[in-house]
Amino acid sequence: MYDAFVLVVSLLAATIRLATPLILTALGGMFCERSGIVDIGLEGKLLGAAFAAGAAAAVTGSPYLGLAAAIIVSIALALVHGYASITHHGNQVVSGMALNILVAGLVTTLAIAWFNQGGNTPQLAAGERFTAVELPFVATLAAIPVIGTIARQLISGQTLPVYLAALAVPLAAVILARTRFGLRLRAVGENPRAVDAAGIAVGRLRYQALICTGILCGIAGADLALAQSAGFFRGMSAGRGYLALAALIFGKWRPAPTLLACLFFAFADVMQTRLQGVVLPGIGAIPVQFIQTLPYILTVLLLAGFVGKARPPKAIGMPYVTRR
Amino acid sequence: MNSDLPPWADFALLPLINLIAALALSGLVILAVGQDPLAALGVLVDGAIGSGEAIGFTLYYATTFMFTGLAVAIPFHAGLFNIGGEGQAMLGGIGVTFVCLALGGWPLWLVLPLALLAAVACGAAWAFIPAWARARRGSHVVITTIMFNFIAASLLTWLLVDVLIAPGQSAPESSGFARSVWLPAMHEMLGALGIAVSATPLNFAFFLALAAGVLVWLFIWHTPWGYEVRVVGHGEAAARYGGIDVERVIIISLCLGGACAGLAAINDVMGAQHRLLLNFTAESGFIGIAVALMGRNHPLGIALAAMLFGALYQGGSELSFEIPTLQREIIIVIEGLVILFCGALENVFRFRLARLLPAAIPALR
């Protein structure tokens, strides 16, 4: 019984770790998409941020400067997306795709030229990356059987980005639902002309939303390079940006369901590594690839209306051209 | 603002300006890593067209990109953005492989039509599900085709690791095809005519790609179905009002796109590698986006853009030999920038040109 409990806690801890970049990226995508801008460029921001974090931390020796660099690069990429899709009314899907491809080429080129390690950044020592944070109360709780294990393995002992992600979810929910900025942001994604008529600059609001996206994706990238591994390696984002986009759609563009979708996708990822080669009674061995594709299959089913109904922001993807 | 340009500016000058902008920015990247952009360009051009062998490789890559470019272009005429070329090409490869492995030893003239059919059917089938979901259930085709790329990649991995893997092999690749079902290579065909060229992977599929381009041109501009596709692309509501079955057009155009992507596998799998490899598509589905955007979704433009990207791809692989700090990835930078300038930032130069041209050329006023 107690063994099963320990197993569940360790599964949950792994789920939280793997869900962190998904949660941050999906929340980032939420700001952008709720403001009416399609962002399939999450993958590129994540990869660019991870490289910036790894490179800056390797050069300066500070994970905090790495985090700052990741956020700056990610915001810069978001602003390019904004320049194309807000200022120049360009095709948002094409812009996002272009940035994904551009970043994929750029980080590899720069990594090879600057660090000469086949597209990776140098390995980071313990002080140069984010390591587990021991919360102060854990020592006192450790003796209590169940609570002690939960406190030690789930609540404490995570890295800074995990706590930032845990903070970001309620914060994003409150900003979107309870602040003037959030109200305007949601309105501009549904009916930009009404927002414009109320005397609020549509373009500026959307740029602000994109900066929020940039910050969140930047933290997610830093998590990949500085917390989940000790440095950046080639192809590090590995489709997580697209997975986060799927989670965002699966969560119907709302914070709490998106969080659940991210946790579910991360859990599927954890199970996929645990189930490798395991023969289940009555079913046989499940191909790993099947579990890997589960999030994508579910998202397609959702979009086709078989699992609930996805209702995207009404004005999403349409450039707003002021006419007076 | 009036953004109409004369056709020559729209189809030649504008893509050229966008290409120059993309190359100039890539040059800045090369400068940033401490290399000489002009020297790199020299190596690139020489590596792409400097020898018979280089030209062969360039045209081999161009063949694949023509197919994947058409895969983006046909749905684009119906106003649909097909990002699923990568997955559709993978499915095409799976279909071609099953035919070639099952019919090993059969004569090529019998196998080729069946392989073509398999490539077309598998690619189209992979596009059909997102197409159906878009037409009947209104789901966003960009997202579903992205998802289908991942599903296809997993399917391919599973097939190669668990099903098709060659006996006694550890690398995830299928058994080699029988010699009789290989597509003839260009150097063999020209050799039979008494013309000696260097051995390259360029093969018979090059002609199939050109033929596909002509067929697509005929379809889009010279058939009633193509007319319906273009009407839907201009406005679904108007098309529906005009009595066009919009759902059918969506499904047909996306499936034709998928079929073209599937045919790319004929070039790579049946024409060059003669076995199914794990990453045989090598992102060519995404290069197809750049090719279609730069070629303005016209088969002739796509053929030219595909040759340009074929040249970049081949020249890029030479870069790493000549300038060690520069790798082929710089080509991906150029590809991304071309998509950015030709697609998303298209209006930047278009509006400027529309304002400048009449001032410069009195006849246009």
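Q: Let's start with B:Asn297: is it buried or exposed?
A: B:Asn297 has 21 other C-beta atoms within 10 Å, so it counts as buried. Keep in mind that this is a predicted model.

Q: Where does B:Asn297 lie in chain B?
A: B:Asn297 is in the loop between helix 12 and helix 13 (299-322) of chain B.

Q: And what is its phi, for B:Asn297?
A: The phi of B:Asn297 is near 60°, a positive value in a residue other than glycine. For background, most residues other than glycine have a negative phi.

Q: Which residue with positive phi follows helix 12 of chain B?
A: That's B:Arg296, with a phi near 55°.

Q: How many residues of helix 12 itself are buried in chain B?
A: Eleven of its eleven residues are buried, so helix 12 (residues 284-294) of chain B is mostly covered. Among them are B:Phe286, B:Ile289, B:Leu293 and B:Met294.

Q: Why is A:Lys252 classed as partly exposed?
A: Because A:Lys252 has 15 other C-beta atoms within 10 Å, and a residue needs 20 or more to be buried and 12 or fewer to be exposed.

Q: Helix 11 came up there. At what angle do the axes of helix 11 and helix 13 of chain A cross?
A: Roughly 40°, with the axes of helix 11 (residues 240-250) and helix 13 (residues 288-303) of chain A coming within 10 Å. The two helices are therefore oblique to each other, and helix 11 of chain A passes helix 13 of chain A in a left-handed crossing.

Q: Which residues meet between helix 11 and helix 13 of chain A?
A: From helix 11 of chain A you have A:Leu243, A:Ala246, A:Ile249 and A:Phe250. They meet residues of helix 13 of chain A including A:Pro295, A:Tyr296, A:Leu298 and A:Thr299. By class, that contact has nine nonpolar, one polar and no charged residues.

Q: OK, on to the two chains together. How many residues of chain A are in contact with chain B?
A: 37 residues of chain A, and they are in contact with 39 residues of chain B. The elements of chain A giving two or more residues to that side are helix 3 (63-87), helix 4 (92-115), helix 11 and helix 13. Helix 4 of chain A has the largest share, 15 residues.

Q: What's the class make-up of the side of chain A that touches chain B?
A: It divides into 22 nonpolar, 15 polar and no charged residues.

Q: Zooming out, how many helices and strands does chain A have?
A: Chain A has 13 helices and two strands. Buried residues make up 51% of its 324 residues.

Q: How does the radius of gyration of chain A sit with a compact globule?
A: The two agree, because a compact globule of 324 residues would be near 20 Å and chain A has 20 Å. Along the principal axes, the C-alpha atoms of chain A fill a box of roughly 70 × 50 × 40 Å.

Q: Last one: which residues is B:Ala48 in contact with, beyond its neighbours within four places in sequence?
A: Those are B:Ala54, B:Thr58, B:Ala311, B:Gln314 and B:Gly315. B:Ala48 lies in helix 2 (residues 37-49) of chain B and counts as buried, because there are 24 C-beta neighbours inside 10 Å.

Conventions:
Residues are numbered from 1 along each chain as its sequence is written. Chains are lettered from A and ligands numbered from 1 in the order in which they are written. This is a predicted model: local features need pLDDT of at least 70, side-chain atom pairs count only at pLDDT 80 or more; totals for chains, interfaces and linings use all residues. Axes are lines fitted to C-alpha atoms, for helices over the stretch in contact, and angles run from 0 to 180 degrees between N-to-C directions. Helices (H or I, at least four residues) and strands (E, at least two) are DSSP runs, numbered from the N terminus. Angles under 35 degrees count as roughly parallel, over 145 as roughly antiparallel, 65 to 115 as roughly perpendicular and the rest as oblique. A crossing is left-handed if the near helix is turned anticlockwise from the far one by less than a right angle, and right-handed if clockwise. Two residues are in contact if their C-beta atoms, placed from the backbone, lie within 7 Å. Ala, Val, Leu, Ile, Met, Phe, Trp, Tyr, Cys and Pro count as nonpolar, Asp, Glu, Lys and Arg as charged, and the others, Gly among them, as polar. The radius of gyration is taken over C-alpha atoms; the globule rule is 2.2 Å times the number of residues to the power 0.38.
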